[in-house]
Amino acid sequence: TEREEAEKLLRLVGKEEEEVVVKTELTQELRDEAQRDLDAAMPALNDAVRALSALNKSDITEIKSFSKPPLLVQLTMEAVCILLQ
């Protein structure tokens with residue numbers, strides 16, 4: 001009957017609503033975690049950008065003159081290249 005179909009539909013909607021609530025809570029948890037990670041990373045990014053601003057052409061020329069730069073210099077320059085992309 002129509003009433004049975006309506007009750008069946010109501011149960012289905014209720015079940016879907018519960019699933020939406022669970023997914024919404026999970027999504028909010030992921031968002032909060034991502035925001036915490038971003039908040040933790042932003043100071044380092046801002047420091048790196050300020051450090052990049054302090055570089056000048058002679059600094060880059062000096063690095064280019066190394067035939068085999070020390071490991072930390074190479075790692076730093078790779079990071080600079082990534083940031084400049």
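Which residues gather in a patch of negative charge on the surface? E16, E17, E18 and E19 form this patch. Patches consist of residues with over 30% relative accessible area and no salt bridge, with like charges joined within 9 Å. A salt bridge is a side-chain nitrogen of Lys or Arg within 4 Å of a carboxyl oxygen of Asp or Glu. E16 lies in helix α1, residues 2-54. E16 counts as partly exposed because its relative accessibility is 43%; buried means under 20%, exposed over 50%, and partly exposed in between.

The model is predicted: local features need pLDDT of at least 70, side-chain atom pairs count only at pLDDT 80 or more, and totals for chains, interfaces and linings use all residues. Residues are numbered from 1 along each chain as its sequence is written, and side-chain values use heavy atoms, without hydrogens and water.

The protein chain has three helices and zero strands (DSSP runs of H or I, at least four residues, and of E, at least two). Its pattern along the sequence is α-α-α. The radius of gyration, taken over C-alpha atoms, is 27 Å, well over the 12 Å from the globule rule for 85 residues, so the chain is more spread out than a compact globule. That rule is 2.2 Å times the number of residues to the power 0.38. The C-alpha trace spans about 85 × 25 × 20 Å along its principal axes.

Of the 85 residues, 2% count as buried. The accessible surface is about 7,800 Å², with 61% belonging to carbon and sulfur atoms (Shrake-Rupley method, 1.4 Å probe).

Terms used. Patches are made of residues with over 30% relative accessible area and no salt bridge: like charges are joined within 9 Å, nonpolar side chains (Val, Leu, Ile, Met, Phe, Trp, Tyr) within 5 Å. Lys and Arg count as positive and Asp and Glu as negative; His and the chain ends are not counted. The place of a charge is taken as NZ of Lys, CZ of Arg, CG of Asp or CD of Glu. Buried means under 20% relative accessible area, exposed over 50%, partly exposed in between (1.4 Å probe, protein chains only).
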